[in-house]
Amino acid sequence: SDAYHMTAPSPNGEGAGECMAIALADAKLDKTAVHYINAHGTSTPAGDKAETDAVKGLFGDYAYKVAMSSTKSMVGHMLGAAGGVVAREMKIDVALSNSFGFGGTNGTLIFKRI
């Protein structure tokens, strides 16, 4: 938790970037191992900019090569059904999924094909 603000993300996505970096470190993976990022992206100007800045800050030039999309920006909160909405076929061995919420709560999961 970055506890920046009750409803606004931290500027430049510092908390989100740190969360993604910790998840990659815990998974013992380099950022270039990630093939897809499932962004939290809710289509709010502040949240989307902060998350985009966080991804660019952490991934650097690789941010322009990794596939990234946000289901929530298209369909809203689907809860458990969100994983069933897929529009692009591609081989994904490592996926990173972000969940960022009110009060500065940040969560990132790494999924790796074994």
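Helices and strands here are runs in the DSSP assignment, numbered from the N terminus. A3 sits in the segment before α1. The model is predicted, and the mean pLDDT of the protein chain is 87. Three helices and four strands make up the secondary structure of the protein chain.

**Overall build**

- From the N terminus on, the elements of the protein chain follow the order α-β-α-β-α-β-β.
- The radius of gyration of the protein chain is 13 Å, close to the 13 Å that the globule rule gives for 114 residues, so the chain is as compact as a globular protein of that length.
- The C-alpha trace of the protein chain spans about 40 × 30 × 25 Å along its principal axes.
- Of the 114 residues in the protein chain, 32% count as buried.
- The protein chain exposes about 7100 Å², and carbon and sulfur atoms supply 59% of that area.
- When contacts between residues at least 6 apart in sequence are taken, 68% of them join residues at least 24 apart.

**Confidence**

- In the protein chain, 90% of residues reach a pLDDT of 70 or more.
- Among the elements, α1 has the highest mean pLDDT, at 95.
- Helix α3, residues 71-75, has the lowest mean pLDDT of the elements, at 72.
- Where pLDDT is low, the predicted coordinates should not be read in detail.

**Helix α1**

- Helix α1 covers residues 14-26 and has 13 residues.
- From its first C-alpha to its last, α1 reaches 18 Å, close to the 18 Å expected at 1.5 Å a residue.
- The buried residues of α1 are G15, A16, G17, C19, M20, A23 and L24.
- An α-helix has 3.6 residues a turn, so residues three or four places apart point the same way.
- The buried residues of α1 pack against α2 (45-59), β3 (94-101) and β4.
- After α1 comes K28, which has a positive phi.

- Strand β4 runs over residues 105-112 and includes T108.
- T108 counts as buried because its relative accessible area of 13% is under the 20% cut-off.
- The side chains of T108 and N98 are joined by a polar contact of 2.8 Å.
- Leaving out residues up to four places away in sequence, T108 touches C19, M20, A23, L96, S97, N98 and F100.
- N106 also lies in strand β4.
- N106 is partly exposed, with a relative accessible area of 23%.
- The side chain of N106 makes a polar contact of 3.0 Å with the side chain of D2.
- At 3.2 Å, the side chain of N106 also reaches the backbone oxygen of G104.
- Residues up to four places away in sequence aside, N106 touches S1, D2, G15, A16, C19, S99 and F100.
- The C-alpha atoms of N106 and A25 are separated by 16 Å, and these two residues are 81 residues apart along the chain.

- S10 is found in the segment before α1.
- S10 counts as buried, at 8% relative accessibility.
- A polar atom of the S10 side chain lies 3.3 Å from the backbone nitrogen of G15.
- Apart from its neighbours within four places in sequence, S10 is in contact with D2, Y4, G15 and A50.
- A3, in this segment, is exposed, with a relative accessible area of 56%.
- The phi of A3 is near 50°, a positive value in a residue other than glycine.

- Most residues other than glycine have a negative phi, and most peptide bonds are trans.
- K28 is a residue other than glycine whose phi is positive, near 55°.
- K28 is found in the loop between α1 and β1 (36-38).
- K28 is exposed because its relative accessible area of 74% is over the 50% cut-off.

How values were computed. Residues numbered from 1 in each chain as written. Predicted model: local features only at pLDDT ≥ 70, side-chain atom pairs only at ≥ 80, totals over all residues. Heavy atoms only, no water. Helix = DSSP H or I, 4+ residues; strand = E, 2+ residues; numbered from the N terminus. Buried < 20%, exposed > 50% of the residue type's maximum accessible area, 1.4 Å probe, protein only. Polar contact = N/O pair within 3.5 Å; in protein donor to acceptor, adjacent residues only side chain to side chain. Contact = heavy atoms within 4.5 Å. Expected span 1.5 Å × (residues − 1). pLDDT = per-residue confidence, 0-100. Rg over C-alpha atoms; globule rule 2.2 N^0.38 Å. Areas by Shrake-Rupley, 256 points an atom, 1.4 Å probe, with all protein chains shown as cover.
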